[in-house]
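User: I have a structure open and want to go through a few spots in it. Can we start with the aromatics?

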Amino acid sequence: MSHTAVPVFKLYGETRHWPTPDLLHCESIPERSRLHDWRIRPHRHADLVHVLHVTAGSVALELEGSTRPLQAPLAIVVPAMSIHGFQFSPDIGGQILTLAKPLVERLQGLLAERAGVLDRAAAHSLTGLEAASRIDTLVTQITAEYRHPAPGRDRLLEALTQALVVELSRCADHRVLDGSRSLRRQHDRASQHLTNYQALIEAQFRQQPSIEAFADQLGMTSAHLNTLCRRLAGRSALQLLHERLLLEAKRQLTYTNMTISQVADSLGFSEPAYFTRFFKRLTGLSPREFRQRQPEP
């Protein structure tokens with residue numbers, strides 16, 4: 001399948017922006033797959049990581065051009081940019097956790113090499129593993145906390161997610177499904193360039209450098225950078241920068257008391273009016289309208 005034929009989604013079947021300012025999304029596997037007759041066709045995400053905890057049923061996992069039949073219980077890790085698809089059995093059970101890039105980067109900073117498990121496409125059998133019950137408990141706790149918010153929710157979700165990543169890394173150390181090496185994402189030169197570009201965005205998005213300036217830092221032309229981003233991420237280099245700006249704007253409008261003008265200034269916009277036009281173009285709402293729609297903390 002050609003790169004251009006593989007759709008890039010935020011969540012499967014959705015082309016709108018990340019639905020909330022939260023950096024974690026949680027839902028049951030049947031919840032979405034049932035809508036698509038249990039078949040999730042090959043696609044990829046530029047800046048999301050999936051962790052599937054499969055507790056019942058079976059799945060034919062398509063990952064980077066390889067297909068394997070797998071049986072519960074297992075954990076599947078799908079890194080950003082990995083082409084993946086699923087054919088689930090109707091009796092499938094379990095949860096899918098989706099981690100946005102800023103959360104993954106925070107976990108990498110906290111857990112160092114243990115967070116490397118999120119960079120490797122793999123399926124881990126949980127049969128007979130002592131960690132299986134701990135993973136089941138952690139996913140159950142994450143799901144409950146996600147669906148029923150309470151004071152301290154963000155801190156608890158992050159702590160539980162840290163613990164889950166550590167347990168997954170131990171599974172990777174202990175046992176990797178036979179043949180899963182062929183499922184691991186190929187870190188070719190182009191994907192490394194994209195990873196480097198996303199790291200530059202994370203470090204510099206508040207200054208809003210030009211795409212030419214980003215390209216210079218990567219040692220390539222802006223045309224090459226744009227071609228690479230469109231081929232691997234399905235968006236232009238500028239769109240990737242704008243998506244990170246938009247996510248930060250949503251978080252500040254939701255979780256802080258900063259004025260619209262202060263948010264605009266913190267994100268490198270020369271005028272609040274320019275920020276308002278930017279935000280409305282990407283969301284259909286003005287910053288004030290977006291803030292008014294957020295629930296009271």
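Analyst: This is a predicted model. Phe269, Tyr274, Phe275, Phe278, Phe279 and Phe290 form one aromatic cluster.

User: And how many aromatic pairs does the structure hold?

Analyst: There are seven aromatic pairs in the structure. In one of them, Phe275 and Phe279, the ring centres are 6.0 Å apart and the planes stand at 55 degrees, so this pair is tilted.

User: Why tilted, for Phe275 and Phe279?

Analyst: Because the angle between their planes is 55 degrees, and edge-to-face needs over 60 while stacked needs under 30.

User: Where are Phe275 and Phe279 in helix H10, relative to one another?

Analyst: Helix H10 covers residues 272-283, and the two are four residues apart in it, which means a separation of about one helical turn.

User: Buried or exposed, Phe275 and Phe279?

Analyst: Phe275 is buried, and Phe279 is buried too.

User: What about Phe279 and Phe290?

Analyst: Phe279 also forms an aromatic pair with Phe290, with 5.4 Å from centre to centre and 65 degrees between the planes; that pair is edge-to-face. Phe279 sits in helix H10 and Phe290 in helix H11 (residues 287-293), so the pair ties together parts 11 residues apart in sequence. Phe290 is buried, as is Phe279.

User: OK, new topic. How do the axes of helix H5 and helix H8 cross?

Analyst: Helix H5 spans residues 189-204 and helix H8 residues 237-255; their axes come within 10 Å and cross at roughly 40 degrees. The two helices are therefore oblique to each other. The crossing of H5 past H8 is right-handed.

User: Which residues make the contact?

Analyst: From H5, Leu194, Tyr197, Ile201 and Glu202 take part; from H8, Ala237, Leu238, Leu240, Leu241 and Arg244.

User: What does the contact of H5 with H8 have by class?

Analyst: Seven residues in the contact of H5 with H8 are nonpolar and two are charged, with no polar ones.

User: Last one. Where does Gln141 lie?

Analyst: Gln141 is part of helix H3, which runs over residues 131-147.

User: Why does Gln141 count as partly exposed?

Analyst: Because its relative accessibility is 39%, and buried would need under 20% and exposed over 50%.

User: And how far is Gln141 from Leu157, C-alpha to C-alpha?

Analyst: The C-alpha atoms of Gln141 and Leu157 are 8.6 Å apart, and the two residues are separated by 16 residues along the chain.

Notes
Residues numbered from 1 in each chain as written. Predicted model: local features only at pLDDT ≥ 70, side-chain atom pairs only at ≥ 80, totals over all residues. Heavy atoms only, no water. Buried < 20%, exposed > 50% of the residue type's maximum accessible area, 1.4 Å probe, protein only. Axes fitted to C-alpha atoms, helices over the stretch in contact; angles between N-to-C directions. Parallel < 35°, antiparallel > 145°, perpendicular 65-115°, else oblique. Left-handed = near helix turned anticlockwise from the far one by under 90°. Contact = heavy atoms within 4.5 Å. Nonpolar A, V, L, I, M, F, W, Y, C, P; charged D, E, K, R; others polar. Phe/Tyr/Trp six-rings, centres within 6.5 Å; stacked < 30°, edge-to-face > 60°.
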